[in-house]
Every structure is written in structure tokens, then in C-alpha cells.
Amino acid sequence: MAYVDASMLGSFFAEEDKPHSVRTEFNKLFGRQKPVQHILGGGKSVDVLMWRNKKISASVLFGATAVWVLLEWLDYNFIPLVCFGLVIYMIGQFIMSRLLT
């Protein structure tokens, strides 16, 4: 039988001696080594997905719900809805250009 050195046992047994805190266990849930924000790429989009900026996240949720209600419950089609929005945008641009000149 071969002699096994304690340094050859790997890091699994060595980690048992380290003190664990609730914070380190929470950050490494399901064996993760990186935070979720870092895994998803970071930035504003991850902040919206993780509800770090609640106003923007709520606005995105409200907008998606409004689009869903228009398309599913009221049986609107996507292309006429986009065209209607563009017409409203063009009317707004026309009125603003007339008011500023």
C-alpha cells in the first residue's frame, strides 16, 4: 500500500478546516464560485433582471405586460401596432418642430 501525503488529498478536505460564514455559503450556493451578476455578464441588463434598480425593472415588467395585453387579450397584431406607434411619433415630431420654429 502506498503512502498518501496530506498535501495530495486535494482542496476538498483542506476546506473543511476553514471557518465558514453565512455570507460565504450564501455566495457559493449550489457550488458556484462566481456571483450570479458576474456569470450573467454584469451591466444594466443584469441589474434589471436581478431587480437591483426597482423602478427600471418595474417599468420593463409593466411594458411587457401592456404589450402582452394588447397582443393577446385585445387581439391586436404586431405590425399595425408598430405602425400606429410610428405615426404617433411622426405627429409628435411635426408638432414639436412647428412649436420650436
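A residue is called buried when its relative accessible area is under 20%, exposed when that area is over 50%, and partly exposed in between, judged with a 1.4 Å probe and with protein chains only. The structure described here is a predicted model, in which local features need a pLDDT of at least 70, side-chain atom pairs count only at pLDDT 80 or more, and totals for chains, interfaces and linings use all residues. Residues are numbered from 1 along each chain as its sequence is written, and side-chain values use heavy atoms, with hydrogens and water left out.

The protein chain holds six helices and zero strands, giving the pattern α-α-α-α-α-α along the sequence. Helices (H or I, at least four residues) and strands (E, at least two) are DSSP runs, numbered from the N terminus. Of the 101 residues in the chain, 2% are buried. The accessible surface comes to about 9500 Å², with 69% of it belonging to carbon and sulfur atoms; such areas come from the Shrake-Rupley method with a 1.4 Å probe, and for residues only the protein chains shown count as cover.

Confidence comes next, expressed as pLDDT, the predictor's own score for each residue from 0 to 100. The chain averages 76, and 66% of the residues score at least 70. Helix H6 has the highest mean, at 94, while helix H1 (residues 11–14) has the lowest, at 48. Over residues 11–16 the pLDDT is below 50, and this stretch has one contact in the model beyond near neighbours in sequence. Contact here means heavy atoms within 4.5 Å. Where pLDDT is low, the predicted coordinates should not be read in detail.

Helix H6 covers residues 78–100 and includes Phe84. With a relative accessible area of 54%, Phe84 is exposed.

Ser57 lies in H5 and is buried, with a relative accessible area of 3%. Setting aside neighbours within four places in sequence, Ser57 is in contact with Asp47, Val48 and Trp51.

Trp51 sits in the loop between helix H4 (44–49) and helix H5 (54–73). Trp51 is partly exposed, at 39%, and has a positive phi of about 60° although it is not a glycine. Most residues other than glycine have a negative phi. Asp75, in the loop between H5 and H6, likewise takes a positive phi, of about 55°, just after H5. Asp75 is exposed, with a relative accessible area of 60%.
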